[in-house]
Amino acid sequence: MKCKLLIVVAIIFNSIYAQSQDYAIKLNLDTAIEMALNNGAEMRIAILDVERALMDKKSNNSVGLPSVSLYSNFNHYYAIPKMIVPGEIFNKEGNIPVEFGTKFDWNSGLKFNQLIYSYSFRKSKEIMDNLVSLSRRSLELQRDEVIYSVSSLYYHISTLNGQMAQIDSAVSNLERVYMLSTELSKQGVVRRVDADRVKIEINRLLLSKGDLADVNLSNIALLKALCGVDSSIEIEVNSIDNLVAFNSVSMDNEFSQNLDLNSHQIEILKLQKEITSLNYKEQKNGFMPTISFFGQHYYQSQTNKLDFFSKNGADFYKSGVIGLSVNIPLFDGFLKRDRAKSYLIEGKKIESILQREKMLLDSKRANSINILDNRIQHLIKAKESVDISDRVYLSNLEGYREQTVSLTDLLLSANESTSVKIEYIIHLMNYKQAQLEFKKLFNLL
């Protein structure tokens, strides 16, 4: 009985596994973007960069907090230091070496330090604030890059799917023509070679579809990697003509309103310039004083024998000190001066790059508006050509049935119809790509 039960369970699991192998995830664009943002390695790295910048900021701010530590020092002077004193002190002539101290001493206690003022520390806090802002802006830039990459790849996959769907439609139409020509050849109305010509055209289209499918396999594998989907899982992507309703194609007037004129790249360069400026100021004013408050409370014992814990051993004496420390650097071998000059040069370099990027951005934005408008006009014309080619093909098909149109003309119109539809799909992709580029340039992703 147990054996039969195990066999039934195995059959059920095998059936479920087989069904799961045939199952494919239908992946729309929004889901693909969401998966890439949540699972993509690029986003995880960018998020970790932000977290690291926040931790670096906390670590730097800790310098301004009081530091407290316990300590214990044990020293064994196997040769006690000597000091030369004038012999007159002891009514003798010349200098006399005198030993000061004991063989063993032990100090244990607590000490603390509190920074009161440091120009360098104040500037480092501003630098860390800007580094956190820089990492967050880099995260936003990476987010846009992921959305752009996934969307662009998705459009390419959708375009190839649309092209293959058009080829399937063309093959289906030609198969009907093949059946018609075969029937007419049996009736002696047309030659047998007509059917063979149609078959050759069908095979040519199927070979083209195979080439497109090979390209799409690579694209789908890359999309899986971007979205964090296991390579063994099958995904389905709609054809691009299902993504775009023709009556929704326009310049999208909302694009022209409330546009952010500063791109993430421009803002990153501005932050880099500010950080460089702060580093320059820190080095230039590096000779400002550093003021600290310090204190120490400890117990000290000295003896010539290791009898710190014996009953009649050495005594421990309490001692303590508090004070104010002022440190003013005077000369460091021109280190700060040279570093300041280096940061000054770096700032000028970033300023030049910033001006160049602003000019390029303005040019790209103006160009993207013109390209988007041109792609819309091309799409309108391509749609018109599709409608015309369909009418021509249907007219020639009817004429071929009535033998008023030659097979050559019918095949030409069929090829033209397929080519025009494939071109229309390519124009759809060009339109979506131009729209995507526009959104990226104006921070609308």
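The second largest pocket of this predicted model is lined by 13 residues, and those nearest its centre are Ser 120, Gly 286, Met 288, Thr 290 and Lys 336. Two or more residues of that lining are given by each of the elements α4 and α6. The largest pocket, by comparison, holds about 310 Å³ of space, and 15 residues line it, with Ser 263, Gln 265, Leu 361, Lys 440 and Leu 441 the closest to its centre.

**Second largest pocket**
- The space in the second largest pocket comes to about 160 Å³.
- By residue class, the lining of the second largest pocket is made up of seven polar, four nonpolar and two charged residues.

**Largest pocket**
- At least two lining residues of the largest pocket are supplied by each of four helices, namely α4 (119-186), α6 (264-284), α7 (335-401) and α8 (407-441).
- Helix α7 provides four residues, which is the largest share of the lining of the largest pocket.
- Charged residues number six in the lining of the largest pocket, alongside five nonpolar and four polar residues.

- Ser 342 counts as partly exposed because its relative accessibility is 44%, a value that lies between the 20% limit for buried and the 50% limit for exposed residues.

How values were computed: Residues are numbered from 1 along each chain as its sequence is written. This is a predicted model: local features need pLDDT of at least 70, side-chain atom pairs count only at pLDDT 80 or more; totals for chains, interfaces and linings use all residues. Side-chain values use heavy atoms; hydrogens and water are left out. On a 1 Å grid over the protein atoms alone, a cavity is a set of points where a 1.4 Å probe fits but cannot get out, and a pocket is an open set with protein on both sides within 12 Å along at least five of seven lines; lining residues have an atom within 4 Å of a point. Grid points are joined across faces, edges and corners, and a volume is the space filled by probe spheres set on the points. Ala, Val, Leu, Ile, Met, Phe, Trp, Tyr, Cys and Pro count as nonpolar, Asp, Glu, Lys and Arg as charged, and the others, Gly among them, as polar. Buried means under 20% relative accessible area, exposed over 50%, partly exposed in between (1.4 Å probe, protein chains only).
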